[in-house]
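Take a first look at the fold below.

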Amino acid sequence: MAPFKLPRGARREAAELIAKVAGGDLNRDLLFLAPHGAIDRRNRVAIADTREGEIATIEAEVDKHLGAFRNAPYRIRLRDETGFLTVAYFRAREDMMQRLWPVGQKRLVSGKIELWNGERQMLHPDHVVDPAKGEAPPPVEPVYPLTADLPLRTLQRAIKTALDATGELPEWLDPTTPQGHDWPRFREALVKLHQPAEPGDIKPDGPARTRLAYDELFARQCALRLRRAHRRDSAGRAVIGDGSHTKRLLAALPYKPTGAQTRAFAEIAADMARPAPMLRLLQGDVGSGKTLAAAHTMALAAEAGLQSALMAPTDILARQHGANLLPLLESAGLRAAVLTGRDKTAARRAILEQLASGAIHALIGTHALFQESVTFKDLGLIVIDEQHRFGVSDRMRLVEKGYAPHVLVMSATPIPRTLALAVHGDMDLSVLDEKPPGRQPIRTVAMPSSRADELADHIAEAAARGERAYWVCPLIEESEAVDYAAVQDRYDVLRERFGDGVEIVHGRMAASAREAAMERFRAGEAFLLVATTVIEVGVDVPEASIMVIEDADRFGLAQLHQLRGRVGRGSLRGSCVLLWRGPLSQTARERLDIMRRTDDGFVIAEKDYQLRGAGDMLGFRQSGLPPFRLVDPETHGKLLAGADMEARMAIDRDPTLEYERGRAIAMALELFGYAEAAQLARSG
Ligand code: ADP
Ligand code: MG
């Protein structure tokens with residue numbers, strides 16, 4: 001870690017304090033290492049009541065030194081009213097043993113009970129203390145995740161040293177926050193976490209760990225807020241259009257933009273008119289018309305003489321975008337092209353030349369756009385589809401190809417409004433919350449998977465009418481092997497019945513095999529595609545009218561909604577069948593019910609949030625942020641909205657972090673790995 005730099009005007013002693021806490025990454029890593037369990041040594045048991053494999057704390061009298069025999073360990077026999085226990089040490093020195101275990105005295109001993117030759121034994125006890133002196137083993141000891149190569153005791157000692165060196169830090173939260181929740185102060189929370197008095201002290205939802213998780217969320221949200229403020233103050237190019245391309249685009253449309261689309265056009269235009277780079281998230285449910293918004297933004301950039309690039313996560317999606325966007329862009333008077341990794345040399349060279357000369361206004365592609373050979377005359381706008389596939393470093397590589405280009409990120413994953421800013425903190429937000437008129441809602445039913453055969457009949461009938469179907473099986477990481485077997489089994493069963501009409505795609509197939517299978521499905525050579533959720537993002541096959549989701553109760557609502565959005569995209573009315581295997585829990589029943597009742601992604605996201613908290617949303621891969629150490633998304637997700645609100649207020653009040661609380665926040669930023677955001681604040 002870089003040496004800690006003083007926030008402007010920080011007091012000297014505070015700087016010393018934090019240097020101790022953060023001093024070298026090691027101390028901080030130690031302090032923020034979250035225990036994943038605890039050994040409870042408070043319960044004293046009689047020897048006869050101990051059980052093999054358990055940690056026990058016993059008060060017993062030293063009965064006799066049995067000594068060491070050949071290579072056997074040095075053994076000492078203890079007794080209480082109920083029986084005998086042997087403690088044993090390899091490579092022990094007799095004089096030390098005599099001092100530690102004086103015959104006739106009582107000792108408190110704590111450690112793991114084993115059976116050896118049918119007798120109770122404790123090998124190398126964890127703790128031996130003298131109760132006559134009022135000593136006791138630590139009541140509760142935290143256990144840490146990485147003890148494989150590192151003995152627990154060594155780690156505990158290192159953490160204790162780091163804790164002892166840690167002074168009190170000034171409070172960075174609004175005092176009412178910890179008071180209102182009855183949370184300890186930061187340092188006290190760390191002490192509770194590493195030196196708990198009772199197991200509750202280290203529970204993820206206990207006050208100490210919750211406070212620390214909140215601190216971590218708060219620091220992240222402050223960092224995101226600071227980044228946003230800094231970006232909005234940095235130099236970029238104002239795009240002021242003359243309407244020449246955008247008017248042509250709108251005039252050529254066979255429909256009118258929705259109110260939401262018109263609002264988004266205006267928000268985007270106002271943002272690009274500022275002399276700072278835009279970073280805006282365009283959020284809209286599947287089918288809400290994000291493509292038109294992208295085309296409109298590209299047309300606007302062209303009016304200011306700037307080129308655009310649209311980046312999609314896969315070749316298929318890039319070509320699909322091309323098919324939708326090229327006609328729109330051409331109608332606006334723009335020249336556009338698609339460039340993917342597959343394009344042959346001659347065609348590729350022609351595109352690159354026209355790009356460098358400025359003859360091409362808009363380029364659509366994949367990661368291939370990153371390549372060095374791709375140079376723009378003047379790249380001023382980057383549109384990114386499905387942002388969770390791209391990290392910030394990807395974004396930066398493309399940004400470097402232009403001069404402070406504006407960035408529009410499009411996402412089809414609805415997030416509750418209250419959370420959108422928290423999750424995407426450094427971006428501005430436009431929402432397409434209205435669908436084009438005349439869309440037929442997707443018919444959704446839930447049924448037990450015992451009716452799969454009947455369902456297959458139904459699919460066969462639809463196929464006879466030229467329709468196509470997806471059959472999705474869940475993939476959940478803990479049991480991947482089992483899950484893959486499930487996909488394969490389902491495929492085998494359906495294959496037996498339909499032969500070549502069925503294809504399979506999943507993440508373990510080679511990309512080429514996967515694309516070939518997708519292509520057969522798209523072309524209609526296969527009418528049924530058995531798949532894992534690899535098909536979730538953006539695939540568009542207008543003839544697909546049926547979506548079957550197996551074990552639907554194992555999916556999140558947002559994911560079910562994404563999957564459902566894959567059908568009913570053409571003129572056909574879509575239907576979605578949610579298969580379940582009983583018995584269903586109350587929540588699972590409720591969730592399937594919500595899916596049947598509504599088709600609105602934002603309503604579903606809101607319900608998902610109520611039922612499951614923000615855990616999933618916190619899990620989104622966030623651009624270039626350090627991983628959480630103390631936040632457990634599932635447990636602490638519900639703290640996000642509050643932490644974000646508090647961060648927003650604090651940063652609004654003191655954007656350069658120069659007042660007392662601001663300086664404390666700068667320390668929190670340093671501690672949690674956002675030093676760069678603290679620097680941004682001070683330089684702003
Ligand atoms: P998504 O947000 O999922 O990318 P698309 O941009 O693909 O949605 O739009 C879905 C469909 O809706 C496309 O066929 C598109 O032509 C059509 N569409 C977009 N905007 C409108 C509108 N204002 N009125 C009618 N149809 C529209
Ligand atoms: Mg789209």
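**A walk through the model**

R41 and E141 form a salt bridge, with their closest N and O atoms 2.5 Å apart. The cut-off for buried is under 20%. Keep in mind that this is a predicted model.

Why can such a pair form? Side chains of opposite charge can pair when their charged atoms come close.

Now step back to the whole protein. It has 684 residues, and 51% of them count as buried. Its secondary structure comes to 25 helices and 22 strands. Consider the contacts with a separation of 6 or more: residues 24 or more positions apart account for 74% of them. The protein exposes about 30,400 Å². Carbon and sulfur atoms supply 51% of that area.

Salt bridges come up again and again. The count for this model is 42. One of them pairs R211 with E171, and here the closest N and O atoms are 2.8 Å apart. R211 is in helix α7, residues 207-233. E171 is in the loop between α4 (152-164) and α5 (176-181). The two are 40 residues apart, and the pair links distant parts of the chain. R211 has a relative accessible area of 0%, so it is buried.

Another salt bridge joins R231 and D428, with the closest N and O atoms 3.4 Å apart. R231 lies in helix α7 and D428 in strand β16 (residues 428-432), so this pair ties together parts that are 197 residues apart in sequence. Both R231 and D428 are buried. The pair also belongs to a network of salt bridges. That network links R228, R231, R232, E267, D271, R280 and D428.

Next, turn to ligand 1. Which residues come nearest to it? There are 14 residues around ligand 1, and K256, Q261, G287, K290 and T291 come nearest. The shell divides into four nonpolar, six polar and four charged residues. Look at the backbone here. A backbone N or O atom of G287 lies 2.6 Å from an oxygen atom of ligand 1. A polar backbone atom of S288 is 3.4 Å from an oxygen atom of the ligand. For G289, a polar backbone atom is 3.1 Å from an oxygen atom of ligand 1. Taken alone, ligand 1 exposes 570 Å², and the protein buries 74% of that.

Two single residues show how surroundings can be read. Start with T86, found in strand β4 (residues 83-89). Its relative accessibility is 4%, so T86 counts as buried. Leaving out residues up to four places away in sequence, T86 touches L66, R75, I76, R77, E119, R120, Q121 and M122.

Then find P542, in the loop between β20 (528-531) and β21 (544-549). P542 has 40% relative accessibility, so it counts as partly exposed. With residues up to four places away left out, P542 touches G570 and L572. P542 and L572 are 30 residues apart along the chain, yet their C-alpha atoms are separated by 7.9 Å.

Finish with the backbone. Most residues other than glycine have a negative phi, and most peptide bonds are trans. Where does this model depart from that pattern? N117 is one place: its phi is positive, near 50 degrees, and it is not a glycine. N117 is in the loop between β6 (114-116) and β7 (119-123). At 69% relative accessibility, N117 counts as exposed. D551 also has a positive phi, about 50 degrees, although it is not a glycine. D551 lies in the loop between β21 and α18 (557-564). D551 is buried, with a relative accessible area of 12%.

The peptide bond between G582 and P583 is cis, and omega is about -10 degrees. P583 lies in the loop between β22 (575-580) and α19 (586-597).

Definitions and conventions: Residues numbered from 1 in each chain as written. Chains lettered and ligands numbered in written order. Predicted model: local features only at pLDDT ≥ 70, side-chain atom pairs only at ≥ 80, totals over all residues. Heavy atoms only, no water. Near = heavy atom within 4 Å. Polar contact = N/O pair within 3.5 Å; in protein donor to acceptor, adjacent residues only side chain to side chain. Areas by Shrake-Rupley, 256 points an atom, 1.4 Å probe, with all protein chains shown as cover. Nonpolar A, V, L, I, M, F, W, Y, C, P; charged D, E, K, R; others polar. Helix = DSSP H or I, 4+ residues; strand = E, 2+ residues; numbered from the N terminus. Buried < 20%, exposed > 50% of the residue type's maximum accessible area, 1.4 Å probe, protein only. Contact = heavy atoms within 4.5 Å. Salt bridge = Lys/Arg side-chain N within 4 Å of Asp/Glu carboxyl O.
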